[in-house]
Amino acid sequence: MRRWLLAVGLLSTTSSPQAQEITLSELLQQVVKAQPAVALAELNEAQQRLKEQDRQAMLDGQWSVRLQGSDEKKPSTSPFGPNITNVGLLSADVSKPLADGSRLNATLSYSRTRLRYPAATSPLFQATMNPVYESKIDVTYTYPLLQGHGNPAYRLQQEVNRQGIEAARYGVQLRKEALIQQAIGVFFQLRANELSLHIADDAVHRAEQLLRYQRKRERFGLLEKADRLQTEALLAARRASQVQAEAALHSSQTALSRLLLKQGEDALHARLTANDPLLQPLRQSDDDLLKQAEARRPVFRQLAAQLAAAQAAEPILEDQLKPQLNIFGQLGSRALSGLNSKTFNDSFDLRDRYVGIGIEWRDDIGNHASKAALARNALQRDQIMLQRWQTLEQLRTDLATARTDLYNARQNSKAAQARVAAERRKYQAELARYSEGRADTATIIQFSGELRSAELQAALQALNIALATVRLRFLAGMLLPE
């Protein structure tokens, strides 16, 4: 492995002195911190956490206070009845849901009523207590026997929310994983363009050397002008390829800079080293990598959280199908007096009281909404399980493809290295014959191009080995930060 990494690494000396080197490990660490997409995904997680406050709000109590005064004047149907009624009313209500699904209500009503009579009405026919103070205090307790019994909507929603937060958290990891995958592609494209530029520079250098040699021979009459023109045309073609390689390199450098949200004032150079842990060969089998991916890849962990949330929500939805059967009891005190203080004191005395007990039944005809919600939840569970199966099979395919690519790249790299050695020997031998006047320029040009092509293929095959190795690590979930 160090042989092909060295082959790739030796070609890194052509980068500009001003270029800033970056390894693949450094790039993957920086890209998940630079991109705003990760922060956006984290906002989704924060929103999921707020749902727990919504669950706690299910037990929030409510209270209200009302103060009212009225003055009513109307004709009386009796010659002895009042024609003006003044009422002052203070009422309060407190309601508190309990964790077991029951509800506690308390109400207070305190009023002052004053009657006014026409001037002609004798005091003998007027009310003996005027004004009248009246107080009512009632406490009602309602307990569900069917729907809402045990309060599953409150009790089980906690697990639903917890799994929702887990799914959102792995959604953040999925966003990071997508950025890592994008960064890998941009990094290796940059490295391939650097290799192409290196080969183009070397080809230009060889063409320039050949042209200088031909010009010397032409001055001594040992070379025809047509041979020199052929080499000049070759040099022009090589320089055109060099310009194209430089343009491709600048494009990939810009793409990498923007991926890191940099302005691109400093060109980035992709650096591959033999001791990079991401490029070390993997000893695990595909089955081991598959198991590791199931345990570490966020897509599987997110699907598991979504499935757990759907399963936890099922009893809540099933509870909605039940009819409501509630039993309730009420206890209250009553006080009535012409004195404010006596009425207030009697409010806490149960000699005058109200006691009641009852039962109520309520049900929806058809229950279509609840049935539809339960059916949707079942379909969601089936969808998650099928999606997991699909993702697992796609992962098997990707692992097999990456493993095959790695094997093919290694075989091609061996063949490409052997070809480079053969092409170099052929070119050097032909160059020696050419210096002795026993070879023509066209053959030298052809052999130079064949050597250039062989070197480029060997470098790219070495790069393919590194790419396939990194891809295997990515598919196994080894590149995500914990």
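Reader: What does Leu-395 touch, leaving out residues up to four places away in sequence?

Author: Leu-395 touches Leu-290, Ala-293, Arg-297, Phe-300 and Leu-475, where contact means heavy atoms within 4.5 Å. The model is predicted, so local features need pLDDT of at least 70 and side-chain atom pairs count only at pLDDT 80 or more, whereas totals for chains, interfaces and linings use all residues. Residues are numbered from 1 along each chain as its sequence is written, and side-chain values use heavy atoms, with hydrogens and water left out.

Reader: Why is Leu-395 called buried?

Author: Buried means under 20% relative accessible area, exposed over 50%, and partly exposed in between (1.4 Å probe, protein chains only). Leu-395 has 4% relative accessibility, and therefore counts as buried. Leu-395 is found in helix α11 (residues 368–435); helices are DSSP runs of H or I with at least four residues, strands are runs of E with at least two, and both are numbered from the N terminus.

Reader: How do you know that Ser-95 is buried?

Author: The relative accessible area of Ser-95 is 8%, so this residue is buried. Ser-95 lies in strand β3 (residues 84–97).

Reader: What makes the span of helix α6 agree with expectation?

Author: The expected span is 1.5 Å times one less than the number of residues. For the 63 residues of α6 (residues 157–219) this gives 93 Å, and the end C-alpha atoms are 93 Å apart, so the two agree.

Reader: Which residue just after α6 takes a positive phi?

Author: Gly-221 does, with a phi of about 75 degrees.
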